[in-house]
Amino acid sequence: MKVYTNDIFSFLRKLTFRKVFNAFLVLCSYYITMWLKRPVQWGVPFTVSIEPTTACNLRCPECPSGLRAFTRDTGNLKEDFFKKMLSELGDKLMYLIFYFQGEPFINPNFLKMVSYANKKGIYTITSTNGHFLNDTNAKETIESGLDRIIISVDGTTQEVYESYRKEGDLEKVIEGTRNLVKWKKKLHSTTPHIIFQFLVVKPNEHQIPDIYRLGAEIGVDEVKLKTAQVYNYEKGNELIPTINKYSRYILQKDGTYKLKNALVNHCWKLWHACVITWDGIVVPCCFDKDAIHKMGNLNQQNFREIWKGQQYNVFRKSLLKGRAKVDICSNCSEGCKVWS
């Protein structure tokens with residue numbers, strides 16, 4: 001197993017006693033919850049995903065942004081709201097993930113917000129389709145202090161790449177990644193940790209060896225393979241890989257598919273993490289893409305009121321009683337192994 005020393009150091013140097021103690025409280029409350037079979041919640045989440053925008057330039061077939069299929073409001077995260085959110089949670093956050101739906105770089109103030117979080121001593125991550133990493137943006141990304149960037153590269157030839165990344169341009173993604181690598185060297189920066197993420201689907205599974213070669217040739221820090229979520233999987237789906245270990249789904253004797261992992265009646269994400277949409281809606285996790293399960297609104301309440309409030313308590317209780325009955329859990333990868 002390869003150890004990424006610079007990335008580990010970037011994370012460790014931003015830890016504080018307050019962050020570690022909060023994480024300890026969260027972990028303890030999670031295990032006490034499993035023991036008592038009723039929700040106990042101490043501390044606040046030490047991982048938050050915040051949505052820079054719902055807009056996206058691509059049209060990926062299993063993504064609400066790509067399908068332009070949201071029922072909720074769409075828009076861009078505002079700086080003043082972002083700073084208000086950090087004033088409540090920033091001193092407890094171990095990770096801040098600038099991603100939910102949409103392409104983060106479409107928000108014109110995205111890198112300003114990354115820089116602000118970096119100055120507050122928070123480890124920052126984003127995920128991008130890589131189409132906006134021109135020379136200027138690549139340089140500003142390095143200068144922002146972003147700790148980790150995940151670039152989606154789901155094919156090593158244009159034909160295979162665009163079979164999932166509809167309207168995408170592989171050469172532009174490769175050029176953007178080269179820009180990042182170049183400026184990282186020029187500015188003598190150890191950050192961000194650059195990851196090529198390869199979403200394994202049937203059309204691209206034969207290119208798994210090639211993505212490792214491409215990553216090494218460009219000079220990215222890491223290549224990760226990710227299993228793909230598909231919405232209509234029960235009767236099969238053209239995206240489900242034929243290589244079993246890269247699939248979240250398993251073929252049954254009757255010809256239908258089911259999730260590999262059993263839906264146990266607890267979920268670590270409900271204790272240590274949450275998602276905040278661009279307009280301040282708090283939702284339980286990244287599988288609630290349309291923000292159906294609204295735990296509260298940060299424009300109307302402070303975060304602790306929401307986190308300790310009735311809506312969250314009711315949702316946690318329902319999950320403990322039967323996770324399979326919770327709609328957003330029915331296609332959840334929690335517990336699935338990510339192969340790399």
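This is a predicted model: local features need pLDDT of at least 70, side-chain atom pairs count only at pLDDT 80 or more; totals for chains, interfaces and linings use all residues.
Mentor: Residues are numbered from 1 along each chain as its sequence is written, and side-chain values use heavy atoms, with hydrogens and water left out.

Trainee: Why is Cys28 too far for a bond?

Mentor: A disulfide is a pair of cysteine sulfur atoms within 2.5 Å. The closest cysteine sulfur to that of Cys28 is in Cys267, 18 Å away, so the two are too far apart for a bond. The structure holds 0 disulfides.

Trainee: What makes Cys274 buried?

Mentor: Buried means under 20% relative accessible area, exposed over 50%, and partly exposed in between (1.4 Å probe, protein chains only). Cys274 has a relative accessible area of 2%, so Cys274 is buried. Cys28, at 24% relative accessibility, therefore counts as partly exposed.

Trainee: Why does Val3 count as exposed?

Mentor: The relative accessibility of Val3 is 57%, so Val3 counts as exposed.

Trainee: Which residues touch the most other members of the largest nonpolar core?

Mentor: A nonpolar core is a set of buried Ala, Val, Leu, Ile, Met, Phe, Trp, Tyr and Cys residues joined through side-chain atoms within 4.5 Å. The largest one has 90 residues, and Phe82 and Leu96 touch the most other members. A second, separate core of 5 residues includes Phe100, Val275, Val283 and Ala291.
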